[in-house]
Amino acid sequence: MSDMTAQFAEIVGADHLLSGDAVPEDYSHDEELTQSPVQPAYVAKPATAEEVAQLLKAASEHQVPVTARGSGSGLSGAARPQPGGLLISFERMNKVLEVDTTNQVAVVQPGITLNELDAATDAYGLRYMVYPGELSASVGGNVGTNAGGMRAVKYGVSRHNVLGLQAVLPTGQIIRTGGKIAKVSTGYDLTQLIVGSEGTLALATEVIVKLYPRLDHSATVVAPFADFDQVMTAVPAVLAAGLAPYILEYIDNLTMAAIIHTQNLELGIPDRIRDSCAAYLVVGLENRTSDRLDEDVERTGELLAELGAVDAYVLEGGSARRLIEAREKAFWTAKAIGADDIIDTVVPRSAMPKFLSTVRGLASAAGGGVAGCGHAGDGNVHLAILLKDPVARKQLMTDIFALAMELGGAISGEHGLGRAKTPYYLKLEDPAKVALMRRIKESFDPAGILNPGVVFGE
């Protein structure tokens, strides 16, 4: 161990390497609820791609498992290190290298947070639109999990917003993929292969992200519904109306009550309506001019009333911002109400009513409950699982994931499999697909050092 400590320290500098008891507890976990923390043997904080390359080459030679870490805000256990392993923290690689207004892209290092990138692009009237709910999250973390968020209904997930990468292979080679280009049809798309691979194939050291113009005028419409299925039926109707919402969320009554309480919100919704409704639809609208925004808000209210909403409440300015921020903190709300696990299953929009009604029945039969919210516009369902018995909970989650796949969906829509959901994936996925992915993994990572335990099990 002392030899490896000296070798890693020589690469990044002794001031930027932690080992043994000097490693703080925070590096031993991410925000996943069920995984036990693991103290890594080493934490290295590189400043350049070349340092990352040297770290990975040394780790491959000595069979040291490597885990990458951005902000540690992940929800699947993918940033939890391995015993005796090396944790590469990108906290020093946190710069905006370029904002290219002609091509409307930014070139950034992986450790920059979403808050920092938003501040850096504000002066140019541009914005990176992937906001997965935690603004302290890093762009590198977005790349690793193919993060999405509430704005995905209009702007897509990370995969639609990452145009190119500089990435380091476990062999120590540095490659570039994609670029400041909107399309490419030349060979395999390595950018998209690395995006969402959860640090198992290569480590991104630069990211080219797409930027969009900031729109000056926005409003949020909150519509309570007495019947849960009405909310799900309203979603395709809103999208078909040509209103182009940039947020389209459902929030069930229990979750909304918890959000209002924990975040001290005042939405102006009377208690009698809050007590009687089953769920809410939240529609975020934006436009270049206030007149056009007003027209869209009015049409949205009329449409929601036609679709069965009890009423519609228009939030602007601070009220709208506080609600969206509270919804983005739904994970912390789930923790506050005692969630035993969380899932982010995705199904086709058309399957959401059947999926959610069946899941409620499965949870009740298991002696537990579910509560949650989700990106209704793209079928991404975020559920807090309330069931203490670990055996019963594991079976319930297996049944939920199997149902999602049966309906044409997947286990994870944006959090990734990590270490927490990989066992379910291996049990339920087509073995031929898993075998193919293993061969891809072996091509990138012949020594098998990158994030062992994620996607393929221990």
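Leu-193 is found in helix 7 (residues 190-194); helices are DSSP runs of H or I of at least four residues and strands are runs of E of at least two, numbered from the N terminus. At 32% relative accessibility, Leu-193 counts as partly exposed, where buried means under 20% relative accessible area, exposed over 50% and partly exposed in between (1.4 Å probe, protein chains only). The model is predicted, and local features need pLDDT of at least 70, side-chain atom pairs pLDDT 80 or more, while totals for chains, interfaces and linings use all residues. Residues are numbered from 1 along each chain, and side-chain values use heavy atoms, without hydrogens and water.

The structure holds 17 salt bridges, each a side-chain nitrogen of Lys or Arg within 4 Å of a carboxyl oxygen of Asp or Glu. One of them joins Arg-176 and Glu-206 (3.2 Å, N to O). Arg-176 lies in strand 9 (residues 174-178) and Glu-206 in strand 10 (residues 203-210), so this pair ties together parts that are 30 residues apart in sequence. Arg-176 is exposed at 55% relative accessibility, whereas Glu-206 is buried at 17%.
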